[in-house]
Amino acid sequence: MGEKTNVMRVLEQKKVNYKSYYYTGDGTLSGVEVAALLGQNPKRVFKTLVTVGKSKKNYVFVIPVDQELNLKKAAAAVGEKSVEMVKAKELLPLTGYVHGGCSPIGMKKVFPTVVHCTVREFETIFFSAGKIGCQVEVGLEGLRRVMDCLVEDIV
């Protein structure tokens, strides 16, 4: 068992059931490769993407690892004219997480968050526990107990 992350502490504080999974990786693995290491369908393993809107506000999108964010749908979901990905070097100071270990839970600030609608197809989904090499498995209702999030078609 690996060390407990801030994501796990937040989940425990809110009494959300979760499972944690550890794998060996250095941040160069793709999300699909992480899903394979976990023995999971890549449609059930989600990645966390951080964007900035035309208004200069930040937004978080959580989508299956085998999908690409549709920037137009993403912008529409949050009421922006457009959004673009935050540069990798800006991720750590903005969120407290590094590329490959970014979680929608426990960021430095709370940003509006949208989870792709396929989350409803699964009892639980997997996403980063806030550290490369560590994932958590949580249901949508558990996720909603720790954060406000919209569920939209954003891919």
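**Salt bridges**

Modeller: The side chains of Asp 66 and Lys 43 meet in a salt bridge, with N and O 3.0 Å apart (the term requires a side-chain nitrogen of Lys or Arg within 4 Å of a carboxyl oxygen of Asp or Glu). Asp 66 belongs to the loop between strand S3 (58-64) and helix H3 (71-78), and Lys 43 to the loop between H2 and S2, so this contact ties together parts of the chain that are 23 residues apart in sequence (helices are DSSP runs of H or I with at least four residues, strands are runs of E with at least two, and both are numbered from the N terminus). The model is predicted: local features need pLDDT of at least 70 and side-chain atom pairs 80 or more, while totals for chains, interfaces and linings use all residues. Residues are numbered from 1 along each chain as its sequence is written, and side-chain values use heavy atoms, without hydrogens or water.

Asp 66 counts as partly exposed because its relative accessibility is 29% (with a 1.4 Å probe and protein chains only, buried means under 20%, exposed over 50%, and partly exposed in between). Lys 43 is also partly exposed, since its relative accessible area is 40%.

With a relative accessibility of 34%, Glu 12 is classed as partly exposed.

The remaining example lies within a single helix. The side chains of Glu 141 and Arg 144 meet in a salt bridge, with a separation of 3.8 Å from N to O. Both residues lie in helix H5 (residues 140-146), where they are three residues apart, about one turn of the helix. Glu 141 is exposed because its relative accessible area is 53%, whereas Arg 144, with 35%, is partly exposed.

Asp 66 and Lys 43 each lie in a loop, and their contact joins parts of the chain that are 23 residues apart. Glu 141 and Arg 144, by contrast, both lie in H5, three residues apart.
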